[in-house]
Amino acid sequence: MALRSLPSLRVWLQSTSLLAVVAGYTALFAFGSALADAERSERHQRLVNQIRNGLSAGELSLPLPQGFGVQVALVPADSRDESPTLRRIDGAYWLISRSTLPSLASSNALMEVRQNITASVQSQRRDQLLLIAAAGMSLLLVSLLFRLVLWRGLIMPLQSLADELSSLGADSLGQRTLDQVGQSQELQPIVEAFNQLQSRLAEAWQRERRFVDGVAHELRTPITVISGHAQSLQAELPEASQAKLALIAAEAERLGELLSVMFDLARSDAGRLTLELEPLDPELVVLDAYERLQSLAPARLRLAPPFEGEMPRITADVERLQQCLAALVDNALGYSVGMVQLAVSASSDVVTLHVRDQGPGIPEGERAQVLERFVRGSTSIGTRGSGIGLAIVKLLMQAMQGELLIGDAPEGGADLQLRFKILAPPPAP
């Protein structure tokens with residue numbers, strides 16, 4: 001199980017947290033600016049009220065002394081009253097407002113108050129810069145801490161869980177449960193649910209194995225009896241019945257082979273498939289297969305010329321290897337109408353046994369699929385088959401440390417290859 005989405009999850013969580021921090025500092029910045037503006041406006045309004053009261057009581061007179069940092073003048077009442085407005089004049093910041101004086105209510109004049117707030121604005125700007133610097137440092141610190149927390153608290157536990165899941169296979173279901181105690185608190189419910197699911201799957205898998213194993217075992221005897229009696233009757237019954245008996249015998253033999261394959265699959269799934277590996281001469285193996293299978297199609301089955309050069313040995317189970325070659329030859333004869341050739345080739349590190357046909361071939365996009373159980377390619381339409389012939393060959397080759405490959409034959413058609421690693425240098429002549 002590969003968690004390829006973990007980097008994306010990490011980036012998403014980290015980006016979300018950083019955006020939350022940025023949003024928080026932005027709100028704080030906006031709130032601080034609005035609060036400072038409101039406070040200046042309130043102080044300015046109190047100052048205006050004090051000036052109005054002083055002028056009305058005769059305690060102040062215009063123009064005011066210059067040390068106050070405030071300019072008061074009477075202006076024509078050609079506009080309505082203005083709330084405090086911030087303006088920049090000659091590099092300085094002024095808060096300007098206009099209001100009426102009770103003593104000048106009958107006159108066409110307003111009192112304009114200009115308050116120099118440059119120091120206050122500059123102080124606010126310094127505070128904002130400090131806030132921005134603090135925000136930057138906070139973002140860096142949060143990013144580092146969040147990366148550490150995310151890595152230790154989420155990524156590492158998930159990766160560890162992914163590694164444990166990757167080590168599980170169909171053959172080990174139910175035999176090894178995941179360690180729930182060793183997981184983080186957030187992952188423990190997931191691990192517990194997975195262990196329960198694994199137990200249910202293991203039970204179902206065991207039932208399926210026992211069923212296939214039992215069916216293959218129980219049907220083998222009656223099919224053998226049918227096949228034997230059909231062959232005996234062929235020598236006793238009249239000529240008119242020979243064709244029917246031959247069909248019964250052929251179908252019984254085919255069903256017996258199918259059950260044998262199913263039996264091998266069941267034993268492999270249960271880990272009970274045994275092999276007798278030994279050093280083999282590939283050319284002798286192919287020659288033996290040709291002699292055993294030639295009777296299936298004497299006019300179509302051909303043996304390629306011998307390999308030029310010394311042939312290395314391979315390690316395999318001779319009976320299982322012959323079973324693989326027989327399955328591939330039967331497959332080639334069934335899906336093609338031309339010649340089927342058996343051949344051997346070797347390179348510096350591998351030996352390959354070839355079964356080549358002159359049929360339609362197997363499309364490259366389907367080659368991995370047709371090696372799975374009960375899967376048939378698009379070129380098999382109109383032909384009989386169970387879809388497990390290539391699957392059992394693949395399974396046996398893997399058990400013999402080899403591999404089954406599908407290529408293109410030189411003259412068209414499919415080239416089914418049994419590939420083995422070289423065991424040792426060829427024997428001296």
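**View 1. Arginine 43 and glutamate 39 join their side chains in a salt bridge, with 3.1 Å from N to O.** This is a predicted model. Both partners, arginine 43 and glutamate 39, sit in helix H1, which covers residues 6-57. They are four residues apart, or about one turn of the helix. How exposed is arginine 43? Arginine 43 is partly exposed, with a relative accessible area of 34%. Glutamate 39 is partly exposed as well, at 44% relative accessibility.

**View 2. Here a salt bridge connects arginine 356 with aspartate 415.** The closest N and O atoms of the two are 3.6 Å apart. This pair links distant parts of the chain, since arginine 356 belongs to strand E9 (residues 350-356) and aspartate 415 to strand E11 (residues 414-421). Is aspartate 415 buried or exposed? Its relative accessibility is 4%, so aspartate 415 counts as buried.

**View 3. Next up is the salt bridge between aspartate 408 and arginine 367, whose closest N and O atoms are 2.5 Å apart.** Aspartate 408 lies in strand E10, while arginine 367 is in the loop between E9 and H7, so the bridge ties together parts that are 41 residues apart in sequence. The two ends of this pair fall into separate accessibility classes: aspartate 408 is exposed, with a relative accessible area of 55%, whereas arginine 367 counts as buried at 15%.

View 4. How many salt bridges does the structure hold? The count for the structure is eight.

**View 5. Five strands make up an open sheet with mixed pairing, in the order E6-E8-E9-E11-E10.** Which strands are at the edges? Strand E6 (301-303) and E10 are the edge strands, each pairing on one side only. On average, neighbouring strands of this sheet are turned by 25° against each other, ignoring direction. Zoom in on strand E8 (residues 340-346) and E9, and you find them paired in the antiparallel sense over six bridges. Serine 345 has threonine 352 in E9 as its bridge partner.

**View 6. Helices H5 and H6 pack on this sheet.** Helix H5 (residues 282-293) touches E6, E8 and E9. The direction of H5 makes about 170° with that of E8. Helix H6 (residues 318-335) touches E6, E8, E9, E10 and E11. For H6, the direction makes about 170° with that of E11.

**View 7. Aspartate 90 has a positive phi, near 55°, in a residue other than glycine.** Where is aspartate 90 found? Look in the loop between strand E2 (82-89) and strand E3 (92-99). Aspartate 90 is exposed there, with a relative accessible area of 82%.

**View 8. Glutamine 401 is not a glycine, yet its phi is positive at about 60°.** The loop that holds glutamine 401 runs between helix H7 (389-399) and strand E10 (403-408). With 64% relative accessibility, glutamine 401 counts as exposed.

How values were computed: Residues are numbered from 1 along each chain as its sequence is written. This is a predicted model: local features need pLDDT of at least 70, side-chain atom pairs count only at pLDDT 80 or more; totals for chains, interfaces and linings use all residues. Side-chain values use heavy atoms; hydrogens and water are left out. Helices (H or I, at least four residues) and strands (E, at least two) are DSSP runs, numbered from the N terminus. Buried means under 20% relative accessible area, exposed over 50%, partly exposed in between (1.4 Å probe, protein chains only). A salt bridge is a side-chain nitrogen of Lys or Arg within 4 Å of a carboxyl oxygen of Asp or Glu. Two strands pair if DSSP finds at least two bridges between them. Axes are lines fitted to C-alpha atoms, for helices over the stretch in contact, and angles run from 0 to 180 degrees between N-to-C directions. Contact means heavy atoms within 4.5 Å.
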